[in-house]
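Thanks for coming. I have one structure to go through today, and I will keep to what can be read from the coordinates.

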Amino acid sequence: MSPRIVVIGAGMAAHRLVDSLVTRSEGHLTITVLGDEARRPYDRVGLTRFFDGDSPEELALPDTIFADPRVTLHEDDAATAIDRAARTVTTASGAVHPYDHLVLATGSVAARPPVDGAELPGSFVYRTLDDVDSLQRHVQERAAALGRPVRGVVVGGGLLGLEAAGALQGMDAEATVLQSSDRLMSAQLDLPAGTVLRRLIEARGIAVRTDARTTALRPGPDGAVEAVLLRDGTELPADLVVLTVGVRPRDELARAAGLACEERGGVRIDAACTTSDPSVHAIGEVAAFEGQCVGLVAPGYAMAEVVSDRILGGSATFDGYDLSTKLKLSGVDVASFGDAFATTPGALDVVYTDPVSGVHKKLVLSDDAKTLLGGMLVGDASAYGALRPLVGGPLGGDPAAHLLPAGGVDAPIPELPDEAIVCSCSSVSAGAIRHAVREQGCTDAAEVTACTKAGATCGSCTVMVKSLVGGELAKLGKAVSTGLCEHFELSRRQLFDAIHVSGLTTFSAVIERFGRGRGCDVCKPVLASILAVLGGEHVLDGENATLQDTNDHVMANLQKDGTYSVVPRMPGGEVTPEGLIVVGEVARDFGLYTKITGGQRVDMFGARLEQLPLIWQRLVDAGFESGHAYGKSLRTVKSCVGSAWCRYGVLDSTDMAVRLELRYRGLRAPHKFKLGVSGCARECAEARSKDAGIIATAQGWNLYVGGNGGATPRHAELLAEGLDDDTLIRTLDRYFMYYIRTADKLQRTAPWVESLDGGIDSLREVIMEDSLGLAADLDAAMARHVEGYRDEWAATLADPAKLARFRSFVNAPATPDPGLAHVPERGQIRPARPEERGSDSVLIAGTTLEVRR
């Protein structure tokens, strides 16, 4: 009979357990997951992304495991009782689930402090998606009612408190953090590190008060929170309060079932993650190992793997909590690992502090200064991935080499022993990574991640994983290829230099001289981009037209139903009323679906291939240009209205955004890139999430680089501050041209900056101090681009040969593709689903432009 496994809880630890069970077991299992939220498991660590626009669906963890026939997920049906004698679990719906193995993964709930007013309206906790959704709606409603920014107070200066403060600031609310101890993140940082963190947080516009004990929340006339009272008699005005004073393990089910629990909370487990009942396990934040519960995801994942192994007949053990953590809190990098507080007898501290740049680094060493015991990193945590696996082993070389900024002493990285944990999130050792290369045939970091899950969660170990893979391949005598593809042994950077020096202008000439074969889908678009930058020719000129991918080939984004989108450029989001009228008329006349994009322009969907020239002719005649939504090039320059309209504006951000978008339009690159320009530190243009972000200050423009959104979001880093207009533009010119010249294929600016030797400091030296003597060349390259720019669609409309490619059927150029079908929805159209294609309301592609209702 198949073992029946019931998991109470549907959080991240439960998800990892089920994933491990279905992945490792080839036999029969019956897994029932009981969740009390009306949604599938999601990333609680990434809750702040909700305020950046990510939907609950985008925060959801991969749900492929629930497609396994052995797994059943019951959402919104909380477990209410455990009958250990009968081995059953009863839920709120009255369902009874029998089990052979029961796993408690109930997590924890946010605690509210025992102070008057903690339950008042306007008082929030920060724990679940429902919590953050309620918080966001309250901020929006209060701001609209008050006609001013909402004043938010966060009680608690730990990890969640700083995340909550950053979220408030992201919603244009004022944020003040109250911490009862003498420093922020007191559980992870000592006083010097906490002091540096406070300075960095305050520099980002978040107020901080330490040694501030909250005694009560005072209601206003409407009964909602109006003020926070402190022990010293201070009263802080507050339109809302977020309570982040800790969590409490959800052990009430276990206690009612008679399982052994700790006095301070948590279900007691042993090294097998087994409770006092051999058939019941506990994992994650509800599990108390050696009397302690920990609210970090990595230990929960480690427990999940142990329980999975035990259920499947193994003997794995939980070795204790790894409290290492690396986070970006309100835009500040913070990391703590190992014995960070130097509690080991005889431990030595090696400390580097730069209060000007806001960096504090500390390594804790054994009394002979040879063994790394732990460390703290604030402001610059780039060394975390290399240092954390070394804990407990020899550091090697001068410890200061690991702390000094780029340009200091080179830090040798000793050989990691097989037992060293490289990925703490998934408990993957260096030996497991080497085994994946040696025995399982993995040939790159991506394959190792797929095989071992190393680097799949937080990504902080990615650099170390790549290093181990490269080292192991070298030991096996296998070349670690940096070639572009099977047709070119040169990397993209080497090819760029080779084409630049040789002056070759066609793909056939390049592959004949530097490659072999006929090329592929990898190298052709890369070479097309390089040739476009160096030669300045139209993407559809000559043989280079055959190199483009689907989108560039017709200068439009292909949609899932076979139609295309049309995106005219609107520099800085600025458009005249006349321009809007033309866009509206075009969308109406061609029956297109219209949407305002996040890049501050109008996207029109549903255009057929043969309609694209007709649509663009009208747009070009009205003064619009291609928005290059289809290309690996500049997409948009997002902007607030700045000093031209906003009472908070310091500089004219719209004017600068328009200048930059007109300057970099059509600039081909290894990947798409975006800019943002904010007129003040309130950051309405979200500039620091862009490849280049410009923020106005009283001293001039501050320039941030290397940011991006997407699956692995990253805040941009400060490159230079207080720049005037000309210096800003010159610096950006060099930054983008250096990126185009040296980045790998399909590499965004964020990983490119991280990959540079010396990182952001090295980049600063190259483009601002001309350390490589490239400045004049980079300036000239950008000047050639600006002078040679031509709108691709305007040039296409003037060339009958190029227009010939825009037809669905070669022998019937005016006939639309009969396979296209749409249905009306909310006054517009969308692609018809397969089951809708037989409906009378479906609009089959043709000449009609009316939306049928």
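Predicted model: local features only at pLDDT ≥ 70, side-chain atom pairs only at ≥ 80, totals over all residues.

Start with the fold as a whole. The protein chain holds 24 helices and 39 strands. Its radius of gyration is 29 Å, close to the 29 Å that the globule rule gives for 853 residues, so the chain is as compact as a globular protein of that length. If you want dimensions for the C-alpha trace, the spans along the principal axes are about 80 × 70 × 65 Å.

Of the 853 residues in the chain, 51% are buried. The accessible surface comes to about 37100 Å², and carbon and sulfur atoms account for 50% of that.

On charge, we have 86 positive and 112 negative charges in the protein chain. How far apart are the mean positions of the positive and negative charges? The answer is 2 Å.

Now confidence. The mean pLDDT of the chain is 86, with 91% of the residues at 70 or more. Residues 406-411 are one stretch where pLDDT is below 50, and in the model that stretch makes 7 contacts beyond near neighbours in sequence. Another is residues 844-853, where pLDDT stays under 50. For residues 844-853, the model has 23 contacts beyond four places in sequence.

Last, two backbone details. As background, most residues other than glycine have a negative phi. Which way does phi go at aspartate 172, positive or negative? Phi of aspartate 172 is positive, near 65°, and this residue is not a glycine. You will find aspartate 172 in the loop between α4, residues 159-170, and β11, residues 174-178.

Glutamate 686 sits in the loop that runs between β33, residues 673-678, and β34, residues 692-697. Its relative accessibility is 36%, so glutamate 686 counts as partly exposed.

That is what I have; questions are welcome.

Technical notes: Residues numbered from 1 in each chain as written. Heavy atoms only, no water. Helix = DSSP H or I, 4+ residues; strand = E, 2+ residues; numbered from the N terminus. Rg over C-alpha atoms; globule rule 2.2 N^0.38 Å. Buried < 20%, exposed > 50% of the residue type's maximum accessible area, 1.4 Å probe, protein only. Areas by Shrake-Rupley, 256 points an atom, 1.4 Å probe, with all protein chains shown as cover. Lys, Arg positive; Asp, Glu negative; His and termini not counted. Charge placed at Lys NZ, Arg CZ, Asp CG, Glu CD. pLDDT = per-residue confidence, 0-100. Contact = heavy atoms within 4.5 Å.
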